[in-house]
Amino acid sequence: MIAMLRRTLQILTLGAFCTGHAQAQSVADDRHFSLSAPPALIDSGLLKHLIPRFSLKTRIRIALAESDSPTHARFGGTGTAVFNGLDQLWHFQAGPDPDAERFAEWLVSDVGRKTIESFQPNGRVLFAAAKAVAETTARAVLDGDAARGEVASFSFCGRCHVVGEKNRMNSIGSTPSFAVLRTLRDWQERFETFYVQNPHPAFTQIADLTPPFDPTRPSPIRAMEITLTDLENILAFVQTIPPAELGRPVQTMQD
């Protein structure tokens, strides 16, 4: 009788845990806010550069709209000064929404300011971060599951890139291997934002982040559909890959 009661208690406890976990996951998946900006700022491409990088780190989705739309937050002439560009100083108004406030903090953080200034289409510097008014420790933490990331890397990336010895002979020769990419100083940012770098946007979909394909321009190859969790796991795996040994610099007789 006692054993049966213990078993019943274990089942009830497990059920309560699963229900609570599911509810917490639902709340996490529902983190989002709407953001409005003038057409000139939207057309510049800066927000398409910033939003995916912020969403990847925070799981907060941002719906972008033009200035005349009712939204939680907006870019304009009042609020927190965040960057200069297009012949004006841009401010950000977060409003009472906590997710919008998180974006405001990120914009003026060291990471946010560097992200703003890394936006250089065709090598042109269009925006400069405003003087920092807040500092955060929003550093990248690669806390994904490396083992799952290895599986995901071979499954999603292995059809083009050499991921490891398993697919050394099955990739496209013109694409860099993961080990070669690891030699680059900005390897982490390249992996974090691969889906906005050509040719990936033509065939890549990340759940709750990338817009759906244009029906008039379908994917030229089998679409790659992954989640932010998949991407975090891939990053954790890539971090474990030793950079390729590309040889020593060429030396002259005078060296």
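**Pockets, core and helices**

Biologist: How much space lies in the second largest pocket?

Modeller: This is a predicted model, in which local features need pLDDT of at least 70 and side-chain atom pairs count only at pLDDT 80 or more, while totals for chains, interfaces and linings use all residues. Residues are numbered from 1 along each chain as its sequence is written, and side-chain values use heavy atoms, with hydrogens and water left out. A pocket here is an open set of points on a 1 Å grid over the protein atoms alone, where a 1.4 Å probe fits and protein lies on both sides within 12 Å along at least five of seven lines; grid points are joined across faces, edges and corners, and the volume is the space filled by probe spheres set on the points. For the second largest pocket, that space is about 760 Å³.

Biologist: Which element gives the largest share of the lining of that second largest pocket?

Modeller: The lining, meaning residues with an atom within 4 Å of a point, has 25 residues, and Lys48, Val196, Leu209, Thr210 and Pro211 lie nearest the centre of the pocket. Helices (DSSP H or I runs of at least four residues) and strands (E runs of at least two) are numbered from the N terminus, and those giving two or more residues to this lining are H3, strand S2 (61–66) and strand S7 (204–206). The largest share, five residues, comes from H3.

Biologist: How many residues in that lining of the second largest pocket are charged?

Modeller: In this classification Ala, Val, Leu, Ile, Met, Phe, Trp, Tyr, Cys and Pro count as nonpolar, Asp, Glu, Lys and Arg as charged, and the others, Gly among them, as polar. The lining of the second largest pocket has 16 nonpolar and four polar residues, and the number of charged residues is five.

Biologist: Which residues have the most contacts inside the largest nonpolar core?

Modeller: A nonpolar core is a set of buried Ala, Val, Leu, Ile, Met, Phe, Trp, Tyr and Cys residues joined through side-chain atoms within 4.5 Å, where buried means under 20% relative accessible area, exposed over 50% and partly exposed in between, with a 1.4 Å probe and protein chains only. The largest core has 28 residues, and the elements giving two or more residues to this core are S1, helix H2 (39–44), helix H3 (46–58), S3, strand S4 (80–85), S5 and helix H4 (98–107). The residues with the most contacts inside the core are Phe75, Phe92 and Phe103.

Biologist: Which residue in S5 stands opposite Gly76?

Modeller: Two strands pair if DSSP finds at least two bridges between them. Strand S1 (residues 32–37) and strand S3 (residues 73–76) run parallel and are joined by two bridges, with Leu35 having Ala73 as its bridge partner in S3. S3 also runs antiparallel to strand S5 (residues 88–93), with three bridges between them, and there the residue opposite Gly76 is His91.

Biologist: Is Gly149 buried or exposed?

Modeller: Gly149 lies in helix H6 (residues 146–157), and touches Asn233, Ile234 and Phe237 (contact means heavy atoms within 4.5 Å), not counting residues up to four places away in sequence. The C-alpha atoms of Gly149 and Ala236, 87 residues apart along the chain, are separated by 6.6 Å. Because its relative accessibility is 0%, Gly149 counts as buried.

Biologist: Which residues does Ser153 contact, leaving aside its neighbours within four places in sequence?

Modeller: Ser153 lies in helix H6 and has a relative accessible area of 0%, so Ser153 is buried. With those sequence neighbours left aside, the contacts of Ser153 are Gly158, Val163, Phe178, Ile234 and Phe237.

Biologist: Against which elements do the buried residues of H9 pack?

Modeller: Eight of the eleven residues of helix H9 (residues 228–238) are buried, so H9 is largely enclosed by the rest of the structure. Among those buried residues are Asn233, Ile234 and Phe237. The elements against which the buried residues of H9 pack are H3, H6, helix H7 (178–181), helix H8 (187–192), S7 and strand S8 (224–226).

Biologist: Which peptide bond is cis, with omega near 5°?

Modeller: Most residues other than glycine have a negative phi, and most peptide bonds are trans. Arg59, in the loop between H3 and S2, has a positive phi of about 65°. Pro199 is found in the loop between H8 and S7, and the cis bond is the one from Asn198 to Pro199.
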